[in-house]
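Subject: Structure handover

Hello,

Here is the structure I promised you. Please open it first, then read my notes below.

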Amino acid sequence: ILSAGVYTVQGTQDRLRDRFDNHVTPMTLDGMEFIHDAVFVDEKGPVPLTDDYEGILWMQQNLEGSPVILEAHTGTYRWGNRITNYTGLPAVVGWKWHQEQQRWGYSDQIQRRISDVAMFYRTDDPRVALGIIHNYNVQYVYVSTLERRYYPEEGLAKFERMGSTLERVCCEKGPATIYRVRSGATDIAAQ
């Protein structure tokens, strides 16, 4: 028991040092405390985790039920799926390796979802984006620093032009933006 307790404390500290460029949060019971100062060094560029803090809190405090969200998909062991991890909400696709382990016979569908997420953020065509929203019953779209690192600006800029189908619901300060899919928007995509 003592050995397991030592590993829990020391192992966690080493894991944080390894993953967040020697940044270690003081001991706390707040599972999101590390977000305030940590920076994930991604292959596409640094991602300050605090950039997602306001968006995560907004979703935790304002969303009811299990609306499907769309967020960036990244390679394994990256900061991807951070919104689903901290809200418990379903996403179009989860962490690739977990999905493949748990749904072994569906690897082609997992890859299709990964491709659709990439297409959603990359395309500058709102109708293509609406088709993906409709196909997966997406109700919220998340854009922050990670999405800006992984996807081109022209693809992300389309969200501001989609005012008839997407409504910005968060956030006034900081880099996170959350869009709610307006009622009836998926009906337009189905036509």
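In which loop is the place of Cys171? Cys171 sits in the loop between strand 5 (166–170) and strand 6. Helices and strands here are DSSP runs numbered from the N terminus: a helix is H or I with at least four residues, a strand is E with at least two.

Some ground rules. This is a predicted model, in which local features need pLDDT of at least 70, side-chain atom pairs count only at pLDDT 80 or more, and totals for chains, interfaces and linings use all residues. Residues are numbered from 1 along each chain as its sequence is written, and side-chain values use heavy atoms, with hydrogens and water left out.

**Backbone**

Start with the cis bond. The peptide bond from Cys170 to Cys171 is cis, with omega near 15°. Most residues other than glycine have a negative phi, and most peptide bonds are trans.

Two asparagines have a positive phi. Asn81 has a phi near 60°. Asn81 is in the loop between strand 3 and helix 3 (82–87). Is Asn81 buried or exposed? Asn81 counts as buried because its relative accessibility is 6%. Buried means under 20% relative accessible area, exposed means over 50%, and partly exposed lies in between (1.4 Å probe, protein chains only).

Asn137 has a positive phi of about 55°, and it is not a glycine either. Asn137 lies in the loop between helix 6 and strand 4. Asn137 is partly exposed because its relative accessible area is 48%.

**Strands**

Now look at strand 4 (residues 138–143). Five of its six residues are buried, so the strand is mostly covered. Two strands pair if DSSP finds at least two bridges between them. Strand 4 runs parallel to strand 3 (residues 68–70), and three bridges join them. Find Val68: its bridge partner in strand 4 is Val138.

Strand 4 also pairs with strand 6 (residues 177–181). That pairing is antiparallel, over four bridges. Here Val143 stands opposite Thr177 of strand 6.

Next, strand 1 (residues 39–42) and strand 2 (residues 45–48). They pair in the antiparallel sense over four bridges. Val39 stands opposite Pro48 in strand 2. Strand 1 and strand 2 form a hairpin, with two residues between them.

**Salt bridges**

How many salt bridges does a search of the whole structure find? The search finds five. A salt bridge is a side-chain nitrogen of Lys or Arg within 4 Å of a carboxyl oxygen of Asp or Glu.

Take Asp52 and Arg82. Asp52 lies in the loop between strand 2 and helix 2 (53–62) and Arg82 in helix 3, so the pair ties together parts that are 30 residues apart in sequence. Asp52 and Arg82 are both buried.

Glu71 is buried, like Arg82.

Glu147 is in helix 7 (residues 145–150) and Arg82 in helix 3, so the pair ties together parts that are 65 residues apart in sequence. Glu147 counts as buried because its relative accessibility is 0%. Arg82 is buried because its relative accessible area is 1%. Salt bridges with shared partners join Asp52, Glu71, Arg82 and Glu147 into one network.

**Surface**

Which residues gather in a patch of negative charge on the surface? They are Asp124, Asp125, Glu153 and Glu154. A patch is made of residues with over 30% relative accessible area and no salt bridge; like charges are joined within 9 Å, and nonpolar side chains (Val, Leu, Ile, Met, Phe, Trp, Tyr) within 5 Å. Asp125 is in the loop between helix 5 (107–122) and helix 6 (126–136). Asp125 counts as partly exposed because its relative accessibility is 33%.

Best wishes

Note on methods:
Areas by Shrake-Rupley, 256 points an atom, 1.4 Å probe, with all protein chains shown as cover. Lys, Arg positive; Asp, Glu negative; His and termini not counted. Charge placed at Lys NZ, Arg CZ, Asp CG, Glu CD.
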